[in-house]
Amino acid sequence: MIFTVAIDGPAAAGKGTISKAVAAHFGFGHLDTGVLYRAVGAKGGDPIAAARTLEPEDLNRADLRTLDAGQAASRVAAIPEVRAALVAFQRDFARREGGAVLDGRDIGTVICPNADVKLFVTATAEVRANRRHAELGGDYDLVLREVIERDMRDAGRADAPMRVADDAIVLDTSDLSIEEAVEQAIRVVAARKA
Ligand code: C5P
């Protein structure tokens, strides 16, 4: 059975948590595509060469979740050749036997335009900064600035900008608990799967 769930949205909206929970609930594989861009940014040197030679162990680095790694990811993600080098791996994963959930910025628009389910998970910048701050600590104002700056770069780039696919369902998690957000996402997927 091939069944693809595309989950896009801005930084710290809850995509990762929701994607993992949806994948676990239905027994699907899960790919956090942000990790690919974070790994390219963290490798240093020429980002195009880094994307073309990305190895599985590059994805296991301990320093990929930091604010700096997020910013570096967002800068290399604006380079068309970097994005092109990562397309085939993501599309292969999407078509894996047994179902797949991919989360990112361009899954429903570019990587898997024919996905069976498309969700766009979002929340206000303040709510997202609060969540990121609770997770990583540091200075709240800096975290908020980082979230806004990264969203602007991701939505404003020419190649595969972050946007809501025409056929995506928008899930605003600003006023939802994690449990409520996960429950709503599972309900949407279950309805399409039936
Ligand atoms: O989701 P995460 O915060 O880990 O993503 C890091 C960065 O990678 C994003 O800010 C974005 O620039 C880039 N990205 C992307 N396309 C994706 C996933 C992530 O451009 N599908």
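Trainee: How far is the polar side-chain atom of Arg-83 from an oxygen atom of the ligand?
Mentor: It lies 2.8 Å away. Keep in mind that this is a predicted model.
Trainee: And what is the distance for the side chain of Arg-105?
Mentor: An N or O atom in the Arg-105 side chain is 2.9 Å from a ligand oxygen. Arg-157 also puts a polar side-chain atom 2.9 Å from an oxygen atom of the ligand.
Trainee: How much of the ligand does the protein bury?
Mentor: 98% of the 450 Å² that the ligand exposes when taken alone.
Trainee: Where does the ligand sit?
Mentor: In the largest pocket.
Trainee: New topic. Where does Thr-33 lie?
Mentor: In the loop between strand S2 (29–32) and H2.
Trainee: Is Thr-33 buried or exposed?
Mentor: Buried, because its relative accessible area is 2%, and the cut-off is under 20%.
Trainee: What does the Thr-33 side chain reach?
Mentor: The backbone oxygen of Asp-103, at 2.6 Å.
Trainee: On to backbone angles. What is the phi of Ala-12?
Mentor: Positive, about 60 degrees, although Ala-12 is not a glycine. Its place is in the loop between strand S1 (4–8) and helix H1 (15–26).
Trainee: Why does Ala-12 count as buried?
Mentor: Because its relative accessibility is 14%, and buried means under 20%.
Trainee: And what about the phi of Ala-160?
Mentor: Ala-160 has a positive phi of about 50 degrees, and it is not a glycine. It lies in the loop between H8 and strand S5 (169–172). At 9% relative accessibility, Ala-160 counts as buried.
Trainee: Last one. Where is Ala-78?
Mentor: In the loop between H4 and helix H5 (80–94). Ala-78 is partly exposed, with a relative accessible area of 31%.
Trainee: How far apart are Ala-78 and Gly-137 in sequence and in space?
Mentor: 59 residues in sequence, and 27 Å in space, C-alpha to C-alpha.

Conventions: Residues are numbered from 1 along each chain as its sequence is written. This is a predicted model: local features need pLDDT of at least 70, side-chain atom pairs count only at pLDDT 80 or more; totals for chains, interfaces and linings use all residues. Side-chain values use heavy atoms; hydrogens and water are left out. A polar contact is a pair of N or O atoms within 3.5 Å; within protein, one must be able to donate a hydrogen and the other to accept it, and residues adjacent in sequence count only if both atoms are side-chain atoms. Accessible areas come from the Shrake-Rupley method with a 1.4 Å probe; for residues, only the protein chains shown count as cover. On a 1 Å grid over the protein atoms alone, a cavity is a set of points where a 1.4 Å probe fits but cannot get out, and a pocket is an open set with protein on both sides within 12 Å along at least five of seven lines; lining residues have an atom within 4 Å of a point. A molecule sits in a cavity or pocket if more than half of its atoms lie within 2 Å of its grid points. Helices (H or I, at least four residues) and strands (E, at least two) are DSSP runs, numbered from the N terminus. Buried means under 20% relative accessible area, exposed over 50%, partly exposed in between (1.4 Å probe, protein chains only).
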